[in-house]
Amino acid sequence: MALNVAIQMDPIGPIDISADSTFRIAEEAQARGHKLFYYTPDQLSYRVGKVFARGWDLTVKRIEGDHFELGRLRDVELSDMDVVWLRQDPPFDMGYITTTHLLDRLHPDTLVVNDPFWVRNYPEKLLVLDFPELTPPTMIARDLETLKEFKSEHGDVILKPLYGNGGAGVFRLGPDDKNISSLHELFSGINREPLIMQKFLPDVSNGDKRVILVDGEPVGAINRVPAKGETRSNMHVGGRPEKIGLSDRDLEICAAIGPLLKEKGQIFVGIDVIGDYLTEINVTSPTGIQELERFDGVNIAEKIWKAIEAKR
């Protein structure tokens, strides 16, 4: 049965079609006979009790430099859609949060993936707080003295913005590093958000594993190895993806968190695992589908769409 599918995403023109997970999701939907409509987050609106988007019917093509075609610009009442994908990238700011509130008015009659209520309540670095037994020692604080006390206790730490993404603003502060006050001043001048500090995990030199879960079940993993001289393994900052399997510890972590993700409508999730520790649960706009498909020869996008179709 063909579904009407709206995709809320950042501009489609500049994307890398060999890596972008949203493109792969759209490509698989099209192959399954679903009809695509695309719009950017700034074109989402609420008007007298109804939620609309101004955008285009979409056709995608795996042709570098010619990867999409758009129909005429038109307004669509999103309640007429069967599925709406929430796929714009963070930052997880008030603009992002507002889109979750608007899309919340559609769900569940129109299936929003991932469920926007729980995307809003379970941002990447906060949901892990529900699983302290799986995570490295972690602190969230705004106060400088509180952060200093945590660093004094654990020595070697990672400091980063609580709502950051893509490896931006991530700093390693070793035992003798004196920059915490300066970094706190820098971050305080940008916004009023708290910071997150975690004990540094030396295993990151072997890679930061991205495990993909579909409807609460693990379907595979890739390993992201930091570039030489880097602590960060994010592919946005030069991390190298490698083929890797799921360890017993990965499966243990997934068994602990999977039922909650399924219950809360988080169909496509990417978790980050360093050594034996869970560090993030990515629900806003996870990536990694195409790399995993190339390494393992498994159609992950198909698994995602089968989960969605079963709910429709």
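Predicted model: local features only at pLDDT ≥ 70, side-chain atom pairs only at ≥ 80, totals over all residues.
I found four strands in an open sheet, ordered E9-E12-E10-E11, with antiparallel pairing. I then looked for the edges: E9 (138-141) and E11 (171-173) each have a single partner strand, so one side of each has no neighbour in the sheet.

How many bridges join E10 and E11? I counted three between E11 and strand E10 (residues 157-161), and they pair in the antiparallel sense. Across this pair, I noted leucine 159 opposite phenylalanine 171 in E11.

**Entry: helices on the sheet**

I turned to helix H6 (residues 180-190), which packs on the sheet and touches E10, E11 and E12. Its direction makes about 155 degrees with that of E11. Then I checked helix H5 (residues 144-154), which lies across E9, E10, E11 and strand E12 (195-199). I have H5 running at about 10 degrees to E12.

**Entry: two helices packed together**

Next I looked up helix H1 (residues 21-31) and helix H8 (residues 289-296), whose axes are 8 Å apart. They pack at an angle of about 70 degrees, and 65 to 115 counts as roughly perpendicular, so I wrote H1 and H8 down as roughly perpendicular to each other.

Which residues make the contact? From H1 I listed Ser21, Phe23, Arg24 and Ile25, and from H8 Ile289, Gln290 and Glu293. I sorted the residues of this contact into three nonpolar, two polar and two charged.

How values were computed: Residues numbered from 1 in each chain as written. Heavy atoms only, no water. Pairing = 2+ DSSP bridges. Contact = heavy atoms within 4.5 Å. Axes fitted to C-alpha atoms, helices over the stretch in contact; angles between N-to-C directions. Parallel < 35°, antiparallel > 145°, perpendicular 65-115°, else oblique. Nonpolar A, V, L, I, M, F, W, Y, C, P; charged D, E, K, R; others polar.
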